[in-house]
2 protein chains.
Amino acid sequence: MKSNIIILILLLFSISLRAQIPTTNEEDEKVVRSIFDESLIDGRCYERLRTLCKDIGPRLSGSVGAIRAVEWAVQEMEQLGFDTVYKQACMVPHWERGEKEYVAAHSASMEKPLQLKACALGYSLGTPPEGIKGKIVKVTGLEEVEAMTPNELKGKIVYYSRPMDPTHIQTFHAYGGCVDQRSRGGITAQKKGAIGVIVRSMGLRIDDYPHTGTMDYGGELPDIPSCAISTKASEDLNALLEKDPDVELEMRMNCRRLEDKLSYNVIGEVWGSEHPDEYIVVGGHLDCWDNAEGAHDDGAGVVQSIEVLHLFKTLGLKNKHTLRAVLFMNEENGTRGARKYAEEAKTKNEKHVVAIESDSGGFVPRGFNVDGTDEAVPQMLKQIGGWEALLEPYNLHRYKKGFGGVDINFLKDQQVPLVGFYPDPQRYFDIHHTELDVFEQINRRELVLGAASIASLVYLIDTYGFGFTPAYKAVEKVPKG
Amino acid sequence: MKSNIIILILLLFSISLRAQIPTTNEEDEKVVRSIFDESLIDGRCYERLRTLCKDIGPRLSGSVGAIRAVEWAVQEMEQLGFDTVYKQACMVPHWERGEKEYVAAHSASMEKPLQLKACALGYSLGTPPEGIKGKIVKVTGLEEVEAMTPNELKGKIVYYSRPMDPTHIQTFHAYGGCVDQRSRGGITAQKKGAIGVIVRSMGLRIDDYPHTGTMDYGGELPDIPSCAISTKASEDLNALLEKDPDVELEMRMNCRRLEDKLSYNVIGEVWGSEHPDEYIVVGGHLDCWDNAEGAHDDGAGVVQSIEVLHLFKTLGLKNKHTLRAVLFMNEENGTRGARKYAEEAKTKNEKHVVAIESDSGGFVPRGFNVDGTDEAVPQMLKQIGGWEALLEPYNLHRYKKGFGGVDINFLKDQQVPLVGFYPDPQRYFDIHHTELDVFEQINRRELVLGAASIASLVYLIDTYGFGFTPAYKAVEKVPKG
């Protein structure tokens, strides 16, 4: 009997543990409903994104487009009547693609060279005007190159050919499993004497749109020209190499690195009624690659972040904490804006209740990733799970530990709870960093549902808090010296 | 103490209730993984759909396209080596649109008539060659017309203008809230003396693509011409009527009703090893509207149904029950194929373990609707919930009571457990029944993930059963006389 009583106590205890999850009420249900209704009927995300994509367009850091995007963002948020809008200065890299790249494979088995659709990787050096030419060495990963002897690749062009693994349901994992070829392929090949690098595009579809992207993850930049070829070009080249292992590659690119330029994060705030000096950040990045309109990456995140604050104002929701839309500069090739934001937050000892990023496309919402300290994540998941009944009617089902976002990740060491908005990931790498990433790829309903999903989470976090004691208190506890 | 013990017993009882959910094991996890891998890497759905859309194309019941689709389906399943492939004959309606419709609004406020993008509704009669013309009476629903006196609409043209409600997250509910205007608007207006009907298209986007659809839901067919106008045309017409309430509408359509024709459901089977005379049905409909390729509606369901059986064969999964891919004819305008299938199933006293339909588009999978008797549904939801850990890694999160599908719904009174595949619903009514429903709208990954999702559910149901004792046993128990 005694053991039964113990079991009983344990069971009741487990029930009482559940009861600790903040309870929500009918009022919350109504607020969430009003956020979705407003967003679906009158939400302005879509028109805002049209302006950003069509009137401004490409806006790589350092470009005229980026300057115009900064001006537009300031004006847009001022017009919406946010309590304050300001710019946060940072120096950003400046790189230009120049004229259209020419990449072709030469083989004795063909009368004419096989032209491969290609685009320079960000930061790549160009070739001399007459181009370069070298024998192709096909590899499937960095390890193969690293295992080579010094100078083994002398005068050659390395072809990184590993495709993304289509069996990952989470396509970002497939990307993560391949992207080292793009980010560190150049420097790795250069160290073995290679004169150039081509990389199979990071895309899941076989098509003729090359995907650009940055090479700076490792910190070291190669001095040899590097470009991506389309997945179709990669398939064609693979077939050619089967027939003729002595294929030569010709590359002509006139991209160039320029002096760093002054640029800005753009920040808008709607002040909190109870804790104006505690911040809920919602962000996306303002810059995008030069070959696209940056509709999904990350115009969607930009306009959704602005919309979250706009929804609070329009609906007259009195946020207790200050809401901050942070439009980061330079996510694509340097993350200088994100570093700057985190640095200033640290210097000013700012208290962040949460930082939320939308940088996975404007696709239909599915849920949220949460990230933070090992202690905080289970608590965050428990809380967000407690809100499931409120969010599930809006097809928000997935709450997992996962990556928050490239920009907000710099706040992680300040122990800020991080949330990554998680839209459906299946189509993202069809358009990512290609000329296909244009406004027409966006579905209005999916975009505005995203804004409403994030706004609803912000409302719940503003009302009930999130995770444990925020960063600045934990920092205070660190013993000095 | 006694009350505590009672609580304890209740708690333990609730635990033991949970334990009744069929348990799954590592083997199941591997099988589901293999189904998704095979489908993502080598699945042939997408190429199959290309053939159906591009080589056959429009295939409304009674058309040459429908005949060719039947032949293609038989051949396709025979080539895949199914154990048997056969046709099930049924008579289907035959209707032709004829030449492009002309619909225009005339107002003294405009120099030229305002042409409205329009398409005849299925089954509509045409107009005389010179067209018809009448004053527009704008209404927002059937009730308004029903409340009118006899002959109040004499010589007039009724304009049903109620838009779909965008705040429904489940877009099919928004459709359900409007579609009576299309299905019964004609007959209702005719009874009050109207000479024609126009209906705002059942779409959530404002664009210039009219959505066709059938009028036969009520059973009675109007003898006055009826057409849908695009949502943009509807907005334009609303604006015009604000300025000038005396707008006249001109309609010219030469569509016509013809004699019923012989057509077929196409059925393929992979026989079960233990219960060959018990059936798991996976179906979609082979017909589609004449103005489209029927990619999402319902080419997707057709190729996914075939693929489910193909995956079982390819992976060497030994199904215990017989798997049946049922490609229904005439879902769009008469459901004669579905009625025929249900009728024969009843006559032959066939035992159906489950019937699953995919007819909500080839979009990214989210889960399943279940339907059946009041007793069976909670049991089905409990079972499917017990499989959540297996299905959740594939982003299948939503399992709810809901509609199974138009075709399988005819099996409901035989107490067959019904399952509706539930892909994301946000984009469906952008393309539904319009010329936009073409192959290019389909994303390969989303389509093949759908096939794998359904195949995984079929595998689990084949292994563990579904719902209660199937229909034929319940029927046997009914007292005779």
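In the predicted model, 26 residues of chain B are in contact with 25 residues of chain A, contact being defined as C-beta atoms, placed from the backbone, within 7 Å. Helix 1 (2-19), helix 2 (26-42) and helix 14 (444-464) of chain B are the elements that give two or more residues to this side; helices (H or I, at least four residues) and strands (E, at least two) are DSSP runs numbered from the N terminus. The side of chain B that touches chain A comprises 13 nonpolar, six polar and seven charged residues, where Ala, Val, Leu, Ile, Met, Phe, Trp, Tyr, Cys and Pro count as nonpolar, Asp, Glu, Lys and Arg as charged, and the others, Gly among them, as polar. Residues are numbered from 1 along each chain as its sequence is written, and chains are lettered from A in the order in which they are written. Local features need pLDDT of at least 70 and side-chain atom pairs pLDDT 80 or more, whereas totals for chains, interfaces and linings use all residues.

Chain B contains an open, mixed sheet of eight strands in the order 1-10-12-11-13-16-14-15, two strands being paired if DSSP finds at least two bridges between them. Strand 1 (84-96) and strand 15 (398-401) of chain B are at the edges with a single partner strand each, so one side of each lacks a neighbour in the sheet. Strand 14 (residues 365-371) and strand 16 (residues 418-423) of chain B run antiparallel and are joined by six bridges; B:G367 has B:Y422 in strand 16 as its bridge partner.

Helix 10 (residues 336-347) of chain B packs on the sheet and touches strand 1, strand 10, strand 12 and strand 13 of chain B.

Note on methods. Two residues are in contact if their C-beta atoms, placed from the backbone, lie within 7 Å. Axes are lines fitted to C-alpha atoms, for helices over the stretch in contact, and angles run from 0 to 180 degrees between N-to-C directions.
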